Amino acid sequence: MSRLWSSMVHNLHPYVPGEQPKEGTFIKLNTNENPYPPSPKVLAAIKEAANDDLRLYPDPISLALRKQIAQHHALEASQVFVGNGSDEVLAHIFHAFFMRPEPLQFPNISYSFYPVYCQLYGIEPNQVALNEDFEIELASYQSGPVILPNPNAPTGRLLGLEELEKRLRAFPDSLLVVDEAYIDFGGASADCLVGQYDNLLVTRTYSKSLSLAGIRLGYALGHAQLIEALIRVKDSFNSYPVDSLASAAGIAALADWSYYQSVNQQVIDNREGLVNQLDALGFVTLPSTANFVFTRHPKYQGGWLYQQLKDAGILVRHFNRPGLDQWLRISVGSSSDCDQLVKRLQQMLAAK
Ligand SMILES: *Cc1c(COP(=O)(O)O)cnc(C)c1O
């Protein structure tokens, strides 16, 4: 087999997504999916779009969807790029902007897909250490391109817009990409800076706050010239990354934003409740503005807690790497998911 591979494939270390168990009934708190269903209007729009027109290719520039997204963010369609999940949008961003002489700077504890794209595209990574409170110290980043999730994953910690603006102003010739996969869970979006700074790209996903991980839809917001570069890369890769059903779903979801505001407020309330209950059990939890919490127990190993929970049918994420192996990343589930998690942790710690 391997004698037929391109030589670069031998050296790839692909991203490993959280488990999606096929069997058994797990409470899934390991991949930051939304515990609540998509808007009923989204399901209706998908059913309506499931008609004979599926024999036709979708609109290659996804104009209707981009207009809806633009309206949601008070921007123009020319400032919006859409793709098959924000992972694909990120891949095109790496391809379009980061294959340059300078290394790409990003936090050393961050979304683990970034180093994978660096390897795929031959980009030199410069992983900048978080401070001891797991915060991104943007002031210590040099000139050259930067990507960071805000709030950061897996820590959940948020940077304020003032800090992002300081960077944008100090390095007008360096691109800053803000990956806002979790911004709808309580943070302030940098979408309002897009009209002002031509060196800013903001990426978003439908997978978390819009309850549509199964649809694969994501987008980027930025100056029309940045979007133009992404369209060039896309049209050199796949002309139709967003299918007709995904497009219908994406339009209907943003059109029913009030539904998602109440769903995401429920997730935020569940998060606050969960953090309090983890506190009571002796866990140390970082302040989170996301739909997950990053937590550790001073007395128990992260790997042990992960395995005990898994044996009890509750999946959480454990990162088996130095500096993180004491921690668990737990997605905020429904109120009932959170109650069952806490009950199980109480039993485990009492039995020890
Ligand atoms: C989940 C996630 C993504 C990927 O989103 P998809 O649209 O599902 O590809 C991107 N960035 C971060 C930080 C994420 O956590």
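This is a predicted model: local features need pLDDT of at least 70, side-chain atom pairs count only at pLDDT 80 or more; totals for chains, interfaces and linings use all residues.
**Packing of H2 and H7**

Two packed helices are described by the angle between their axes and the distance between the axes. Helix H2, residues 63-72, packs with helix H7, residues 244-255, at an angle of about 20°, and their axes lie 9 Å apart. H2 and H7 are therefore roughly parallel to each other. Their crossing is left-handed. On the H2 side, the contact is made by Ala64, Leu65, Gln68, Ile69 and His72; H7 contributes Ser247, Gly250, Ile251, Leu254 and Ala255. Sorted by class, the contact of H2 with H7 comprises six nonpolar and four polar residues, with no charged residues.

**The four-stranded sheet**

An open sheet is formed by four strands, ordered E9-E10-E13-E12, with antiparallel pairing. Strands E9 and E12 are at the edges and each has a single partner strand, so one side of each is left without a neighbour in the sheet. Strands E10 and E13 run antiparallel and are joined by five bridges. Within this part of the sheet, Arg296 stands opposite Trp327 in E13.

| Strand | Residues |
|---|---|
| E9 | 284-285 |
| E10 | 292-296 |
| E13 | 327-331 |
| E12 | 317-318 |

**Helix H8 and the sheet**

Helix H8, residues 257-280, lies across E9 and E10. Its direction is at about 10° to E10. Of the two strands that H8 lies across, E9 is an edge strand, whereas E10 is joined to E13 by five bridges.

Methods: Residues are numbered from 1 along each chain as its sequence is written. Side-chain values use heavy atoms; hydrogens and water are left out. Axes are lines fitted to C-alpha atoms, for helices over the stretch in contact, and angles run from 0 to 180 degrees between N-to-C directions. Angles under 35 degrees count as roughly parallel, over 145 as roughly antiparallel, 65 to 115 as roughly perpendicular and the rest as oblique. A crossing is left-handed if the near helix is turned anticlockwise from the far one by less than a right angle, and right-handed if clockwise. Contact means heavy atoms within 4.5 Å. Ala, Val, Leu, Ile, Met, Phe, Trp, Tyr, Cys and Pro count as nonpolar, Asp, Glu, Lys and Arg as charged, and the others, Gly among them, as polar. Two strands pair if DSSP finds at least two bridges between them.
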